[in-house]
There are 2 protein chains.
Amino acid sequence: MDKQFLKELKENFSIVFHDVNLLNQAFTHSSYVNEHRQLQLSDNERLEFLGDAVLELLVSRFLYFQYQDVPEGTLTKLRAAIVREDSLASFAKECHFDRYIALGKGEEHSGGRQRLALLCDLFEAFLGALYIDQGLEKVEKFLEMVIYPKVVSGTFSHEMDYKTRLQEVLQRSGDRIIDYRLVKEEGPAHERLFWIEVYCDDELVGKGHGKSKKIAEQDAAANALANLERK
Amino acid sequence: MDKQFLKELKENFSIVFHDVNLLNQAFTHSSYVNEHRQLQLSDNERLEFLGDAVLELLVSRFLYFQYQDVPEGTLTKLRAAIVREDSLASFAKECHFDRYIALGKGEEHSGGRQRLALLCDLFEAFLGALYIDQGLEKVEKFLEMVIYPKVVSGTFSHEMDYKTRLQEVLQRSGDRIIDYRLVKEEGPAHERLFWIEVYCDDELVGKGHGKSKKIAEQDAAANALANLERK
C-alpha cells in the first residue's frame, strides 16, 4: 500500500492496520485482479459485502440513540439517505480513497476512478477491512469523524423534519406565524386518521393526513414545501 | 410480559432480559398502542429498525467467515434468502413469538398473528431489544441456535451452489458422469468472458457464461437445473 496513504490514515483518522493485506484487498478492484491473474490477488467485493452490513448497523445504532423521538419511518428514510451510493462515494473522496484504489487499465481509461458505484463499494470495503482488523468500535470512531457530524449538522435532514424545513423557508422573508390546524379525525381507535392544514399568516399553504397528528403535520409541511417549490 | 414466555426464553435460549421493558416493547404492535392510547405505550417499530441492521451484520459476518471461497454475488443472494420476510417469520414462529405479541383487536380479527410481515418485524424487534439489553455477541449466540444450523445444513443453499444441486438431482437415478467443458473464452484480460457447457453422461444438459470459469460453471448448472425442471 502507498506510504502516503498509510500516513494519511494514521494522521487523519488514527488508523494503523495490523494486517495491511486487508487494507490492500479493500483497495483492489476486480478489474485490477483480472488484468493481473498471475498475481492471484483477491478483489474487494467480499469485503464490500461485509462492510455494507457494518455501516448499516452503525448508522442505525447512531440514529436510534441520537433521535429518540423520531418514528421508524423517518429513521429509515434518513438511513437510506446516508448510506446511499452518492453519499458514500463523496465520503470516499473526502478521505482521498479515490487516489489509492488499484484499477485495471480498462476501468481507469473509462473513468472508473470517478464512478460513484466504484467509490461507494470502495468505502464499504474499507469499513469491512477495518472491522475485521480492529472491530466494530474502531469503525464507529472512524464514522464519528467522517459521517456523524454531517448527520447532526443537518446534511441529510431534508429526509427528516419537514416542519423545521418549512419554517426555515417561510421565515426567510421575515417573521411569519405558522399554524397547524386539526381539521378532521375519523375512524375507530386502532385505525384513526388525522387531517391537518398548515397556515402561514392565516393563508393555507398545505394539507396532510396520517395515522397520528405528528405524521399528519409532517405530511402537511412536506406538501406545503412542494407547493412552494412549484411557485 | 407473560411468565411462560420468560421461562421459555430462559430454558430454550438462556436469555434473561435485564430490562424487561425492552422485551415488552418488542412484543407491542402499533395496533395495540393505537387501541390503548391512555397507556402511552411505545410500539416495536423503532426496535425493528435497529434489529434489522443487527441481523444483517451478524448474518453477513457468519457467511463471510463460513464460506471463504464463495464470491460476493453468491453471498449476497444467500443473505437475502436468510433475512427475507418468510424466513424470518418462520423463525419467529419456531420461537413461539407469535403467541406473545400484543395486538389490537382489529389486527387480531384480521389474522394479524399469522401475517408474515408482522412476524418478520417482530423477530427483528426482538433482536433489536436483545442487542440493546445485552450486546452483539448475545444476539450472535441466539442466532447460533435459531438460524446458523439451518444455513449450514443447506436450507438456503439453493441460492448458493448450483453445481452441488445439479449433482444431487442427476445422481438420484444412479451414478452419472457430470462434466463441465470450457467451449469458448474471449475478450481482453480485464473483461474476459468464459462459456461453459455441462454434460451428463455425454449429453448436453446446460450452457452458461460468466466473467470467470467458476461463475460460468455455476451459470451452466443453474440453466441445466432450469431445463430439467421444464421436462
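This is a predicted model: local features need pLDDT of at least 70, side-chain atom pairs count only at pLDDT 80 or more; totals for chains, interfaces and linings use all residues.
Residues are numbered from 1 along each chain as its sequence is written, and chains are lettered from A and ligands numbered from 1 in the order in which they are written.

Chain A is divided into domain 1, residues 3-159, and domain 2, residues 162-230; such bounds come from an automatic or database domain assignment. Between the C-alpha centres of domain 1 and domain 2 of chain A the distance is 38 Å. Another separation in chain A concerns Leu39(A) and Phe126(A), which are 87 residues apart along the chain and have C-alpha atoms separated by 21 Å. Leu39(A) is placed in the loop between helix H3 (30-35) and H4 of chain A, where helices (H or I, at least four residues) and strands (E, at least two) are DSSP runs numbered from the N terminus. With 46% relative accessibility, Leu39(A) counts as partly exposed; buried means under 20% relative accessible area, exposed over 50%, and partly exposed in between, with a 1.4 Å probe and protein chains only.

Strand pairing was examined in both chains. Two strands are taken to pair if DSSP finds at least two bridges between them. In chain A, E2(A) and E3(A) pair in the antiparallel sense over seven bridges, and Tyr199(A) stands opposite Leu204(A) in E3(A). Two residues lie between the strands of this hairpin, in which Asp201(A) takes a positive phi near 50 degrees. In chain B, strand E2 (residues 193-200) and strand E3 (residues 203-210) are also antiparallel, pairing over seven bridges. Trp195(B) has His209(B) as its bridge partner in E3(B). The hairpin of E2(B) and E3(B) has two residues between the strands, and Asp201(B) takes a positive phi near 50 degrees there.

Over all chains, the structure holds 26 salt bridges, each being a side-chain nitrogen of Lys or Arg within 4 Å of a carboxyl oxygen of Asp or Glu. One of them joins Arg61(A) to Glu137(A), with the closest N and O atoms 3.2 Å apart. Because Arg61(A) lies in helix H4 (residues 45-66) of chain A and Glu137(A) in helix H10 (residues 136-146) of chain A, the pair ties together parts that are 76 residues apart in sequence. Arg61(A) counts as buried at 14% relative accessibility, while Glu137(A), at 46%, counts as partly exposed.

A salt bridge also forms between the side chains of Glu94(A) and Lys150(A), at 2.9 Å from N to O. Glu94(A) belongs to helix H6 (residues 85-94) of chain A and Lys150(A) to helix H11 (residues 148-152) of chain A, so this pair ties together parts that are 56 residues apart in sequence. Glu94(A) is partly exposed at 44% relative accessibility, and Lys150(A) is partly exposed at 21%.

Asp201(A), from the hairpin described above, meets Arg176(A) in a salt bridge at 4.0 Å from N to O. This pair links distant parts of the chain, 25 residues apart: Asp201(A) is in the loop between strand E2 (193-200) and strand E3 (203-210) of chain A, and Arg176(A) is in the loop between helix H12 (162-170) and strand E1 (178-186) of chain A. Their relative accessible areas are 41% for Asp201(A) and 30% for Arg176(A).

Over all chains, the structure holds zero disulfides, a disulfide being a pair of cysteine sulfur atoms within 2.5 Å. For Cys95(A), the closest cysteine sulfur is that of Cys120(A), 13 Å away and therefore too far for a bond. Cys95(A) is buried, with a relative accessible area of 5%. Cys120(B) is likewise in no disulfide, the nearest cysteine sulfur being that of Cys95(B) at 13 Å. Cys120(B) counts as buried at 7% relative accessibility.

On the surface of chain B, Met1(B), Leu6(B) and Val20(B) form a nonpolar patch with about 190 Å² of accessible area together. Patches are made of residues with over 30% relative accessible area and no salt bridge, with like charges joined within 9 Å and nonpolar side chains (Val, Leu, Ile, Met, Phe, Trp, Tyr) within 5 Å; accessible areas come from the Shrake-Rupley method with a 1.4 Å probe, and for residues only the protein chains shown count as cover. Leu6(B) sits in helix H1 (residues 3-13) of chain B and is partly exposed, with a relative accessible area of 34%.

Notes. Side-chain values use heavy atoms; hydrogens and water are left out.
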